[in-house]
Each structure stands twice: as structure tokens, then as C-alpha cells.
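Trainee: I am new to this structure. Could you walk me through it, one question at a time?

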Amino acid sequence: MIIIMKASSTEPQIDAVEVHLRSLGLQPHTSRGTQRTVIGAIGDKREIDLERVEALDGVERVVRVMKPYKFVSRESHERDSVIDVKGIPIGGKTIQIIGGPCSVETPEQMEAAAAGVAAAGCRLMRGGAFKPRTSPYAFQGKGVEGLKMFREAAGRHGLPIVTELMDVRMLDTFLEQKVDVIQIGTRNMQNFDLLKEVGRSTHTPVILKRGLSATISEWLMAAEYIAAGGNHNIIFCERGVRTYEDAYRNMLDVTAVPMLKRETHLPVLIDPSHAGGKAWMVPALSRAAIAAGADGLLVEMHPNPPEAWSDADQALNPQELTSLMVELRGIAQVLGRNI
Ligand code: PEP
Ligand code: MN
């Protein structure tokens, strides 16, 4: 059961609802979002009179949610949620293509990348300053210096930034640097302490990538960790899953898009770059993603792909990103959406 409090509800009213739920033998989990406070009630609700809970002061609505993921489930919120990133909507009618390099490298590379992303018509930019690499000897990212480089280059082109947080100890720095969207990568999808912290310490939007071999329900439960802390600004990103196939990097699970759209009210993106792992595959996978109903893409683009310090094989060049945008606009239009 989910208790949605009125926007005008007060702390004493929230406390009173929690006390009432405990008196019914239920465990309240209060999630304070920017727009609304939602209280999840865990326990045996068979005998509970919903109307009596609904009659409590400050309560807007009570919804019975059968799924184990409460706050992120579509049962708790029928309409699609639109996440606002500095006035740019993620979810809803507009599809967002988030372009940028795998890694932040140098100020010159970031300036050229930001110019290319903006020229292609993308409204947000990606780039990793902290890189989760398979080998400890591979380039690990420019760290805080990279975050600053990214901020400056993207700022000059009016692009909000999306960047990966790997370590909970860096969260304060991310917030100081005003990172606009925190990316939680594949390898950290079930880093529960990290999820709890981005849930309770900030309302900054979070892109939660799917774990390498995570099921849909594990993924939804990972998002629930963030939402339970009070951060409801969550965006899912499918980036390919590991299978027996080794002809390409990962297998893009397009099936996840309609499945997630049914199970959750939150937006769903696709990362065609880490799925196929080859630049030549990116346009085909991107077309499939948009046709399947994704709310956007996270695409790697480098000003000079052969020179990229990481994931050189899968990066589009600026011209290829521009052509892809044109092509995707046509598909979006057929679906009654825009890019
Ligand atoms: C990335 O987007 O830079 C990245 C490392 O992706 P993933 O976590 O999907 O591997
Ligand atoms: Mn990459």
C-alpha cells in the first residue's frame, strides 16, 4: 500500500499517518520527494480499511500496490513521469539523445565534443570522469579535474551534464560540481549503499543502467532503493546484457523497453553504444530503440574516434551523430513524438 500525501501536507500530519500505520501492525517507509511525500506501508494489509487511512489529515490518496517495488511501479503512479533536468524533459513526448565521449580526456577534446553534441541538436551531454575499467592498468578517468573540464565545456554550449558516480565518497563532490544527472553504471546497479545514498542525499536525477546480467525485477528493485530514500527522479537505461553470444559486446534487450514501460512510470533510455560495442551498429540499434518506445538514447560520440582513450571502436564522430539525429527525427515523427 502506498499513501500519497497532499503537496500541502505538514510534518505532523506525516507523523500521524506513520503512527496510525504502526498501530495497524504495518511498517511505514516515508519517501520525501521534491513534489510529494509518499509513504509505503509494508506488512499484512488484508484486514486494513483503506478508507480510514485515506480519511487521515493530509492524505491525498491511498493505492494498493501488489508489486514488491512500490514507489517505481506503475500501480502507484499511472501516468508517465517526466523528469526535469534544468528545464529539459526526460520522458513524455520529447525524445532526448544524450551524446558525448566515453571519457573526459582534455579541455580541447571536451570543447570539440560539446560543440559537436550541440551542433547535432542534442540537449544533454554525457562523459565519464571516473571510469569503471575491466583492467586496473587501463585509463581510470581524469577524476575531479575531469568533472571541472566537463562542466566548463558543456556550460559554454548550454548542455546539462550526465556523468558516472562510482564511489559514494565522491557524491558531495558531484553535488558541489553541480552534476545535472548522476549515472549509476552497470557494474554498480546493485551497489545498494550507493543507491541508498543517491536516494537520500539528493534529488539530482539518476540514470540507473541495467546490470550486466540483471533481471527486470532486480533492476526495478534497485531503482526502488533510490526512490525509497526520497529521490524519485530516476531514469532507466538498458545497455545490453551478457549472453552466450560473443559476436558483439552485449545483446541489446529491446524487449526490456515495453516491459519496463508497463511496470514503471519512469522514463527508459537505451545505450546502443555499449550494447553493440561497434560504431557501425549504433544507427541500427538506435532506430530499434526509438521504434520500441524508448524515451531517449545515451550515445558515445568522440571528436576523433580513433584517438579516443576508451571505447574508441564504438564512438560515432560528430558527423555521424548529426546524421543519426536526422534519421531518428523521422522515426519519432511517425510515433507522434519529437526529438
Ligand atoms: C558508460 O556509459 O560510460 C559506461 C561505463 O557504461 P556501462 O556502465 O553501461 O558499462
Ligand atoms: Mn564507454
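Mentor: Let us begin with D295, which sits in the loop between α10 (282–291) and β14 (296–300); helices (H or I, at least four residues) and strands (E, at least two) are DSSP runs numbered from the N terminus. This is a predicted model, where local features need pLDDT of at least 70, side-chain atom pairs count only at pLDDT 80 or more, and totals for chains, interfaces and linings use all residues. Residues are numbered from 1 along each chain as its sequence is written, chains are lettered from A and ligands numbered from 1 in the order written, and side-chain values use heavy atoms, leaving out hydrogens and water.

Trainee: Is D295 buried or exposed?

Mentor: Buried means under 20% relative accessible area, exposed over 50%, and partly exposed in between (1.4 Å probe, protein chains only). D295 has a relative accessible area of 2%, so the word for D295 is buried.

Trainee: Which side chain does the side chain of D295 join in a polar contact?

Mentor: A polar contact is a pair of N or O atoms within 3.5 Å; within protein, one must be able to donate a hydrogen and the other to accept it, and residues adjacent in sequence count only if both atoms are side-chain atoms. For D295 the contact spans 2.5 Å, and the partner is K261.

Trainee: Which residues coordinate the manganese ion (ligand 2)?

Mentor: Donors are N, O and S atoms within 2.8 Å of the metal (3.2 Å for Na, K and Ca); water is not among the atoms, so sites may look incomplete. Here the distances run from 2.0 to 2.4 Å, and the donors are C102 (SG), H274 (NE2), E300 (OE) and D311 (OD).

Trainee: How many residues apart in sequence are the parts that H274 and E300 tie together?

Mentor: The manganese donors follow the spacing C-x171-H-x25-E-x10-D along the chain. H274 lies in helix α9 (residues 272–276) and E300 in strand β14, so the parts this pair ties together are apart in sequence by 26 residues.

Trainee: What is the relative accessible area of E300?

Mentor: H274, at 9% relative accessibility, counts as buried. E300 is buried too, and its relative accessible area is 1%.

Trainee: How much of the accessible area of ligand 1 does the protein cover?

Mentor: Oxygen atoms of ligand 1 lie 2.9 Å from an N or O atom in the side chain of Q183 and 2.8 Å from one in the side chain of K209. Accessible areas come from the Shrake-Rupley method with a 1.4 Å probe; for residues, only the protein chains shown count as cover. Of the 290 Å² that ligand 1 has on its own, the protein covers 97%.
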